[in-house]
Every structure is written in structure tokens, then in C-alpha cells.
Amino acid sequence: MPARPRQASLKRPRDARRVGTPEPALPGAFLAWFKQRGWTPREHQLALLKQVEARKSTLLIAPTGAGKTLAGFLPSLIALSRGRRSPGRRAGIHTLYVSPLKALAVDVARNLLVPVAEMGLPIRIETRSGDTSAARKARQKVRPPDILLTTPEQLTLLLSYSEAGDFFSDLDTVVLDELHALAPTKRGDLLALDLARLSSLSPGHVRLGLSATVARPRELCAYLTPQHTNDSTQLADLLVARGGADHDIRILETEEPLPWAGHSARYAVPEIYAAIKANKLSLIFVNTRSQAELLFQELWRVNEGALPIALHHGSLDAARRRKVEAAMAAGTLRAVVATSTLDLGVDWGDVDLVINVGAPKGASRLIQRVGRANHRLDEASRAVLVPSNRFEVLECRAAIEAAAEGAHDTQYPRRGALDVLAQHVWGMACAGPFAPADLYREARSALPYADLTRKQFDRVVDFVSTGGYALRAYDRYARLRPASDGRLRLSHPKLARQYRMNAGTIVEAPMIKIRLVGRRTSKKPGVVRPLVGGRVLGELEEYFVEQLKPGDAFVFAGEVLRFEGLQDTEAFVTRTDAPDPTVPSYEGGKFPLSTHLAQRVREMIARPTRWGSLPDPVREWLHIQTERSEIPSAREVLVETFPRGMKHFLVVYPFEGRLAHQTLGMLLTRRLDRAGANPVGFVANDYALAVWGAGPIADLIATKRLDVGDLFAEDMLGDDLDAWLAESSLMKRTFRVNAVISGLIERRHPGAAKSGRQVTISSDLIYDVLRKHDPGHILLEAAWADAATGLLDVSRLGTFLSRIKGNIRYVALENVSPLAVPVLLEIGQELVHGGGVAEHMLREAAEDLIRDAMLSGGMHVGTEA
Amino acid sequence: MLELKPERFHLVSETGSQVVALCGRQLVADSSGTLYWPGEQTLLVADLHLEKGSAAAQRGSLLPPYDTRQTLMRLAEVIDRYEPARVIALGDSLHDTGAAERIAPQDLEVLRVLQEGREWIWVTGNHDPKVDRRFGGVARGDCEVGGLVLRHIPTQGAATHEIAGHMHPAARLSMYGYSIRRPCFVANGRRLIMPAFGAFAGGLNVLDEAFGRLFGDGGIAVWMLGQEGLYPVATRFLGRD
């Protein structure tokens, strides 16, 4: 799909029907309104109108700035301007709009009120979100608005009430915004099940999906429409809007030497600042919150003109973010450093330059970010990419080529998650008694669950009812009980309350509020005065805060802060001018390199004829690699061994992203251990993986005691993986999410006392017990499915292992190769993984204590002297 | 940077257990979370919380029903290793009084086998003021063995010659960007508090003021439970939750 479709039907999925050019069909009032604004209705806006008149669900793909949202609402506004169909009785809602972002729903509602007010239409438009007051929510149920704008989570809650039938009985149109962002996630699974329920409540409604350009629109067309069982895939119509501006993307040119490793892009700060000065409003995207904090600090260090430069990321307090957004809209800012929080949704102000710092990670993400600049169709979106190291130069170049070709990362079709289905089953039981056969049929009409077997469905129902354990211990505590007609009903109304407290699929890591406090000056010297509470700056993950000791300095919310201590659920911090802050190294937001870009990078490296477009240092780096080691072809994987220091290194370059590399590292170290190579640690980045050990790895290979092919044989995904999973903290983290979504454990609600830990049961303990005694449990199955595509990325690793079979280029070197330098430099920067990290920590701490004891002349550890 | 340092392993030899002195008695703290007293051939274990899973299920949270089995299997391993003449469970052995009705017959059978040929004492706790007869053994309040008092709830304020449970001590250790939280023994040479043994038992941080009230300012010694060993860890390494 080209980035700039010239026609409304350039390329379409094979099975999707073509949509012809429609006749203009706007009522006079609307034509007049368009005219008064100096607009003419766009072709796709009219086409979508015709689609709704023909009651055909449709996916609209349109570039940002093409009037996509108005297109989605125009049919409803026109229908509603003619009056509701049944004025006599109290009507339910007419149009439901679902957006992935609360802020987007609010913003769209505000924009929608303009034409409604200017044309004087009798249409009630309301939003519903977590922030909506209980009174207003209650009123909405009694007197539903014509158009309701909300989020998937609120829709889930609405559907769990018995009144949902009345509320949605008149539903005419459902508009799903940013569908490309929602559909391939667990939120998308739940939304699909909710849509299936809406089809039962209001069978005739039409669905409109609004999406940015995607590689496979067919997936979204299928998502939009109910699937029939035992039949071919049903597809909604596809409408591709013409237009979309050119991209003008370049790599930052700089005189500074390109760093070998790291992600700070500190070398380019003067050039970034110069770019800010030369433009009206620059949007600077980075990949992680810590990079955002660091870059923000660096920019202010060189900000001699005191330009208004702001910071925006997901951990900052909501009020602070709203302020930055308002300032952008008002045009009072010159630059905003942001993470993916500004990728989607609302347009704030006239951005004329996008600067992407660090690797783009995916072609689609880059195009979406670049599209944030210049939301006018006739002008090119300007963007500058700032690679922070040599490999990222290759990645930036590959992303620019992909953007020029209009190529996108492929989203693979997903199988609906079982924990989400469990939540849905419980929610539907809250709405009223259900017949399992009916609910099964309904669930299968949702695309992610189209292949769900009745057996699996029954296991999920059993899980909701009794926990689904092989040991049938809980039949007497069943949450669902059969009524006389065979339908299942909740066994106690309190279970509905419990459900509503825990609904939704977004499970955040536990967060701790960061509160800026002051210290009263003490009158008496040496007396520490109590801290005085101040404002909340934002939130950070609990695990990050847990690592801090009082006195540690770190950068957050654009300031250097000193950690003072924990008070209940809040971290108290004071301002400090400590010279050497530790920047938060929170893990969140590190996207792995997309498969599509990885392929392009491999091809670029494999073909020296294409190195001409690369900067001199990068070209030189690759040339030296050909002299000192080798350059693999695009289908090969390069494996190098070399001694360095007292250690023996093995470096492999799969280009499969950090997550898959970490899993590979865990498995490789197990194998090398068995081969006698005594591996002691490894480090992984998006491109490569380095393992080192005390044993002579190269000798073992040379003397055929170790076979490189065997080392990467696919069977490593069997027993080794299984053994490692037992201890893996990544697996436990995944399981916790499954346990919360499925309703096995409750969310930790803010304010829950810490001392409660004595009585609460952690999901880690549950995981251990379940794994040992009920390894076939449905929740372990769900956790495994998630880990395979999520934190462990086993599916990608599996594809890699089968791709490189017989295609391993192995070189034994005397010295480190140029290509290996970046990953080796990450040792000491990144977490280095060993087998049982926890055990080593304990051992080291114990050694330390013993060393102290020996120095002080005794071994009286905790004993009475 | 984190690496194995095999050449330094010998410093922490025999990490599976550690000798702890309490008022002149030599006790062996085991990485399983139990305490063996060779002089008395007695094994101490605290806070088994049997049937905690089913207690949660009764209230609507369907946690796995395997915690009792898991707890007893781990206990059986330790008993096989030390072959004690006497086992004393320091209270909260049963999560609630209803545990007797909910426990699976096969789990009761395992318990009966463990009790064969040895003295078995259930010290009562706040969760199990009464111990049903079908659990076997002898139930009693505080219990004095070899000059030490064994009880569930530790005496408030400074105390000596005492081993107790109830508190579920746990410690947090942060290094290299990782943070782990494990059950632990905590002692000061005069009194000792045992970690909770039950599979679903949570933990209270030893830096919580509740421990300060028991140990005062004189300092504490902490032994954290690992997979492969029991590790003495200096309090300066420990963090709060």
C-alpha cells in the first residue's frame, strides 16, 4: 500500500468489494455548512455516507488530516438531523463511538459539537469515561444521549449491566477510531467480544472503522464484521481515501563522530537545538521515558535562547500533560520532547517538524510519527531522524526506504486471548443468565475467536465458575450455577461488584506516586525536620522506586530529584543539584525492532553496493568488518568467536529484536554450559547477542566437541525452554497479567496498605504452585501464548531458528570484530543476564557480609558473642 | 555488571543451612525455612496456613487448591532429611477453623504418615486457636523446650530465650537493577522469628517498624531463603517495600 494513495481504490484485499464513486447526497443544511466553512465534502466522506445508507459496514483508511473523523460521523449527524425513528418511546443511543484514548473521545466530542451547534441540530452528544461522575453515568443510563463517545473499557462495563439491552436496542452505527491500534491487542480482543454482544442486542447496526494505513487491511475488514461459523471469512467493505501529503524524511547530518553504542544521542544535541530554532514547533519523539528525560535535560543545558521546550510522557502527572498539550495548541511552545504518548490521537497545534531520536523500530510507527507534522494535505510532512549509534543509522536508512515505498510492518492475525474470554464470560453472567451454547456462538462471531473450539470455551466457562482445576475442589464454591432452564447465572450478586472493580485488559505495573516535598529549615542544628508535602509530579513503576535508596538522585519530570523515602504509597523527593543523577532506567516503552525493518537492515548489510548512501563512518565500519571478519548474506546469520581479556566470546547477529535475543541468550547459555564452555553472562540488544564464558568456546568448536549447527538447533525450544520458564521472572510477570485479566486475582487498587502483603497472595506463588500441580491449567496455557509473542518472543525466535538452519556463517577470530563492538559496549550499560540472577545476588550479598566479618576478625554472624 | 564468581563460592560454603546461636544453643536454620535443633532432635516450622487457598475460594477468589499439598510435600522433604524425633509447628498451622472440613482426605493421610514415629506438637495461633482432632498430634499454647520458649505471637518489647512465628518476616535485596523479596529468618542472639512456611503465605518486610518494636536498636541478623541456599545478608543491603 503506497503511503500516498492517489485513488480511492488503489489496492484492496482480494475478497473486499470495490466501492464505486458515489453521488453527492448531502442535505441542504449540511451543504450550506460546508460552504460557510469554505470546505467541499471529500470524496471518501460522501462514499462512506452512501455505504451507511446501504447498511454496509466499512473500513475507511485515510491519512491524518483527511477529515476521517467527520467522515465517520457525517452519516449519523444526517440521520439524526431528520429526527429519531420512534419519538414516542424512550430511545437508546443511536451512535456509539469507541476510541483507544479517553482524551481523544473528549476531543472528538468537542469538535463534533461545533457543526451540531452551528447547524442547530437537535442532537445530544456525551462522553463516558473513568472521569465521568457517577451521577452523570446514572443519568446517561436513564436518558441515553444520541451519540455516546467512550473507550473499550467503558463499553465493557456498560454491557455488564442488565439494562444494556435497552440502552443499545436502537443502536444504528458504531464508529471505531484508530482501529489499527486497537485491533491487534488484548483490548481489541475484548472489544471484538463486546461488538459480538452488540450484534445480539441490535442486529442491524452498521460498523465503521477508521484507520491509518496498514499492511493488511483485510484483517481489519474481517475484524469489523461478524464472522459466520463454518464459513469463509466475512469482510467489511474497504474504502481508501485519496491524498495524504508527501514525506520529506532525512537523517540528521552532523560533524560529530557517530557513537558506537548507547541510546542518548547526546552528540547531536546542538544540531537538534539548531533545528528547533529554525522551526516554529518541533515534536521530538524518543522511544523511552528515560531517553525523554535525558534529552530534555540536555536541550535545556544548551538552551541559551530560553526557548519554551516542554516534556511529555506517560509517567507525568495528567494535569502536567494537559498543560503541555494546551500550550502546544495555543502555539506558545517551540518544542516538545515526547514518547509514544503523542503517537496517536489528538492534534495539538501546528507541528512543522518531527524529530525522531533513536531507532524508528518499525516502518509503520515512523510513518505515524512523521504524520504528526503538517496536518495539511497539500504540504509534505518534514521529519529528521537522529540515530544514536551506528546500527541505528542502518535502521534509519531502512525505515526511510520503507516509507518511500509505502511499505508497512505486518501485523500477524491474532488468536483471541483466553484470559480476555474468561473476563467476558464473567461480565456476560453479570448482565444476566446465559445459555453456554448461545454465548459460544456469539463469541465465535468475533474474528479473534472465530476458531475457538467448544471444548476450549467450556474450559473457560469452567474456569470462571470453579477455577477450572484438575482437582475438583471448588465445585461447592461455583460462581456460576445452572438455573432450572439450564442457563448459567451468577451465584451471588457480590460477584458482579467484584467483576466491575476489576474489568478491563490494561494491567499496569504497580505504580508509585512521586511527590515533591520541601524540608522545613530547622532551628536547632542537627535536628532533621519533617518533610512537608508538595505536589505530585507523576508516577513511576514500583520496581524502579524499590531500587532507590534515600539520597539517590534521579531525573524525572525534567528535574534532578533526591529520593527521601517512601511514605505509604508515595515516594517523597526533594529538588537537588546533585551532579551525577542516575536516570531512571525504566524498561517500559522499549519496542523491539520490527521484523520488516530487520529484514531490510540485513539486506542492506549484505550488499556492499548499497553502502554508498550511508555516512562515511558507517561505511568504513562495514568495510573493516569485511577485512577482519565477514559480512553474511541476507539469509545467513553470522556467528563469531574470539578471546578477549580472560574470557571467550561468542557473538551472534540475528537482528530479531531485544526480546527474542534475551530468550535466545538464556537458552544458549544452558547449552554452552552443558558443552563445558562455562558461560558466565550475556548481553543482548536489538541486533546482536554476546555470550561470554571461561571455557574455550572456539576450541570446543574446532575440535568438534561442540557443533555450531547443534547449538542453534530448533529443539532448544523444547526442554531447555521449559526448564528455564520455571524460574523466569518474565514468565511470572506475564502470568500476573493473565491472573488479573481473567479475574483469578484482584487488581491492586491504589491506597491498599502495604502491610496487606502479609495476607495477600502474590501471583508468583500461585504460578509456582500451579506449574507444579496443574501444569495443564488453562491460565498457564494463556500465559504461555502471551509470552510466546510478548516478553519472550518465542514465536519470532522459532521462525529465526528454522530460517538459519544450514545457513550459519561461523568465523573464529583472534580479535573482536568491528560489528561486535556495539554489543560489547553495552556490557556495563545494560543488564547482563546470568542463569539464576536472584541466587547470584543473594550469594554476593552473603559474600560481602562474610568478608566484612573476616576483616573484623571473626565469623560471628548474627550469633551471640 | 553481574557475573557468577565461581572462585568465590567457597566463602559461602554449605549454604543449604546456617548455624544460628540463640542464648548459647546451636540451631540449624534451613533454606526451606525450617529450624532444626540438633540438641533436642526437634524440627520447628511456623505459619503453615494449610487450606488458605480454599479459604479464599469460599470468599469468591478461586485460587489454586494445591497449597496444602505443596506445603506438606516441602515439609516431608525436610523431615526426611533431618528425621527429627519431634516436630513443633509454631502456630497458624491451619488458615482457619474451617480448614478441618475443607482439607482433602489424601492430604490428611500425608500428614498422618509424617507424624508416624515422632512427637508432633501444634502450638496454637491466632488463626488456629483450636486444632481439630483429625489433624493428629497434640495441640497446646506456649511450649518450653531446652530452656527456650516456643510460641506463636512474639512477646512485645525486648525478650530473650524465645522463638516465635506470626510475623512472616521477608527481606528485600536490590542489586544490579534487580530487586528480590524473600522470606527470611530474623534474630539478634536472644530471640528469633521464623519465616512463614506455607505455600501461600505472604511476608512482612523486616524493616517494618513492627520488627523494630521487637528487636530495638541493637541490630538484627537476617538470613534470606534462596533456591539453593540460605544467605546471611547485612541489613545495610536491605530495602523497604
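Predicted model: local features only at pLDDT ≥ 70, side-chain atom pairs only at ≥ 80, totals over all residues.
Axes here are lines fitted to C-alpha atoms, for helices over the stretch in contact, and angles run from 0 to 180 degrees between N-to-C directions.

**A helix crossing in chain A**

Two packed helices are described by the angle between their axes and the distance between the axes. For helix α23 (residues 658–674) of chain A and helix α30 (residues 794–803) of chain A, the axes come within 8 Å and cross at roughly 70 degrees. Angles of 65 to 115 degrees count as roughly perpendicular, so α23(A) is roughly perpendicular to α30(A). On the α23(A) side, the meeting residues are Ala660(A), Thr663(A) and Leu664(A); on the α30(A) side, they are Val794(A), Arg796(A), Leu797(A) and Phe800(A). By type, the residues of this contact divide into 5 nonpolar, 1 polar and 1 charged.

**Helix α2 and its cover**

Next comes helix α2 (residues 43–53) of chain A, whose buried residues are His44(A), Gln45(A), Ala47(A), Leu48(A), Leu49(A), Gln51(A) and Val52(A). Their cover includes one helix, α3 (68–81), together with the strands β1 (58–61), β5 (173–176), β6 (206–211) and β7 (237–240), in chain A. After α2(A) comes Arg55(A), which has a positive phi near 55 degrees.

**Nonpolar cores**

The largest nonpolar core has 292 residues, and the members that touch the most others are Ile284(A), Val337(A) and Ala690(A). Which residues does Val337(A) touch, not counting those up to four places away in sequence? They are Ile284(A), Val286(A), Ala292(A), Leu295(A), Phe296(A), Leu299(A) and Leu311(A). Another core, of 15 residues, lies apart from the largest one and has Leu537(A), Phe544(A), Leu548(A) and Phe554(A) among its members.

Glu51(B) has 28 C-beta neighbours inside 10 Å, so Glu51(B) counts as buried. His166(B) is buried too, because 22 other C-beta atoms lie within 10 Å.

Key
Residues numbered from 1 in each chain as written. Chains lettered and ligands numbered in written order. Buried ≥ 20, exposed ≤ 12 C-beta atoms within 10 Å, placed from the backbone. Helix = DSSP H or I, 4+ residues; strand = E, 2+ residues; numbered from the N terminus. Contact = placed C-beta atoms within 7 Å. Parallel < 35°, antiparallel > 145°, perpendicular 65-115°, else oblique. Nonpolar A, V, L, I, M, F, W, Y, C, P; charged D, E, K, R; others polar. Core = buried A, V, L, I, M, F, W, Y, C linked by C-beta atoms within 7 Å.
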